[in-house]
Amino acid sequence: MDLELRHLRIVRAVAEAGSVTKAATHLGLAQPALTAQLKRIERVLGGSLFDRDHNGARPTPLGELVLARARVLLPAARELQEEAVRFANACGEIPRYRLGATNGPILGGLVDRLATAWPSTPVTTHTSWSARELNAMLTTGRLDFAIIGACGESPPPVDGPVVWTTIAMDPVFVLLSEDHRLMGRREVELGELADEQWTATPGDGCFSDCFAAACARAGFTPKTVYETDVATCMHLATVGRAVALCQATFQPATGLGLLPLAGAPLRWRQLLGWHPESPVARVAPVIAEHARAAHADAVRRSARYAAWLDGDPRFGTAPQDPDAHPPSSALPPAPITRR
């Protein structure tokens, strides 16, 4: 027999009543039935909980220990039940939004949109380069939603019960120093950058392998690839030390220019994930639409990307309500269209 909350209620009732007989009356049980139940509880806990005689029942040292825990656990369980009932009947109110994200264009806009739509609902954020870490935080309930990226049409680099839906599909562009010899071009072939060194932010998906494969198709093997933070990537590109691989929505700083790769040999899919059994799962479609709107805003802010989209409508913000699917699903991603 496993110890249950009802067993702790019995122990507490006996202690408060001062006798098994009085406790049985209070609980609406026959005295022999309560006595038998108390003996089973004592066997589970490893010893006598009460010294019983004609004067009543007094807790033993073990009983005092159990009662001390019961006085904490029982009110906490009651409060949990009451809070859950209030939450379930709160007409869609959410106590807070905990958002996680890898590097990408959506998080800032999503925070702003949620804060505007629900100004009294706190929003917190957690960033990580690891999609696996964010997936684990969703699984254990430490995050409500996470925004990650996946290379091309590959599934997210994560396992478990989390559901993922496509927010957008973007090409990968390059960041070059503004005085780079190719900077005046409308787009550049990947093979024209064969002699360059490269830099990109780290991740735990397949992007490194996909980049190497794209380079091989273009007829070269990339030289040094620096995996580092965004600021260092930008510095290396600004001083001409490396070409930075970046998402098409990236806003270049002074001294840098954004240049598309011809034929979009590398693609990056933006995904929103949540646990299907979490309290916030019911508002996931609304959050997904806010995330799509945030991505569409990022596209509009990037004149280079917005102009490029006119030539390839396969990319951009995903349509509304694409089918969500677990990361292990073999289904292809939702169709992509620009807005």
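**Notebook: looking through the predicted model**

I started at Ala-264, which counts as buried at 8% relative accessibility. My cut-offs, with a 1.4 Å probe and protein chains only, are under 20% relative accessible area for buried, over 50% for exposed, and partly exposed in between. Ala-264 has a positive phi of about 45 degrees although it is not a glycine. I found Ala-264 in the loop between strand E10 (256–259) and strand E11 (267–274). Helices (H or I, at least four residues) and strands (E, at least two) are DSSP runs, numbered from the N terminus.

Ground rules, for the record. This is a predicted model, where local features need pLDDT of at least 70 and side-chain atom pairs count only at pLDDT 80 or more, while totals for chains, interfaces and linings use all residues. Residues are numbered from 1 along each chain as its sequence is written, and side-chain values use heavy atoms, with hydrogens and water left out.

**Whole chain**

I noted 10 helices and 12 strands. Of the 339 residues, 45% count as buried. I then looked at contacts, meaning heavy atoms within 4.5 Å. Among contacts with a separation of 6 or more, 72% come from residues 24 or more positions apart.

**Helix H9**

I checked the length of H9 (residues 284–301): its 18 residues should span 26 Å at 1.5 Å a residue, and the end C-alpha atoms are 26 Å apart, so the two agree. The expected span is 1.5 Å times one less than the number of residues. Buried residues in H9 include Ala-284, Ile-287, His-290, Arg-292 and His-295.

**Ser-177**

Ser-177 sits in strand E6 (residues 163–177). It is buried, with a relative accessible area of 8%. Its side chain makes a polar contact with the side chain of Asp-179 at 2.4 Å. For a polar contact I need a pair of N or O atoms within 3.5 Å; within protein, one must be able to donate a hydrogen and the other to accept it, and residues adjacent in sequence count only if both atoms are side-chain atoms. Beyond four places in sequence, Ser-177 is in contact with Met-183, Ala-237, Thr-238, Gly-240, Gly-255 and Leu-256.

**Cysteines**

How many disulfides does the structure hold? I got 0, using a pair of cysteine sulfur atoms within 2.5 Å as the test. The sulfur of Cys-206 is 3.7 Å from the closest cysteine sulfur, in Cys-210, which is too far for a bond. Cys-233 is in no disulfide either, with the nearest cysteine sulfur, that of Cys-246, 9.5 Å away. Cys-206 is partly exposed at 27%, whereas Cys-233 is buried at 7%.

**Spaces**

I used a 1 Å grid over the protein atoms alone: a cavity is a set of points where a 1.4 Å probe fits but cannot get out, and a pocket is an open set with protein on both sides within 12 Å along at least five of seven lines; lining residues have an atom within 4 Å of a point. Points are joined across faces, edges and corners, and a volume is the space filled by probe spheres set on the points.

The largest pocket holds about 780 Å³ of space. Of its 40 lining residues, Asn-103, Thr-201, Pro-202, Gln-247 and Trp-268 are the closest to its centre. I also found 1 cavity of 30 Å³ or more. The largest cavity has a volume of about 40 Å³, and its lining includes Asn-103, Pro-105, Ile-147 and Gln-270.
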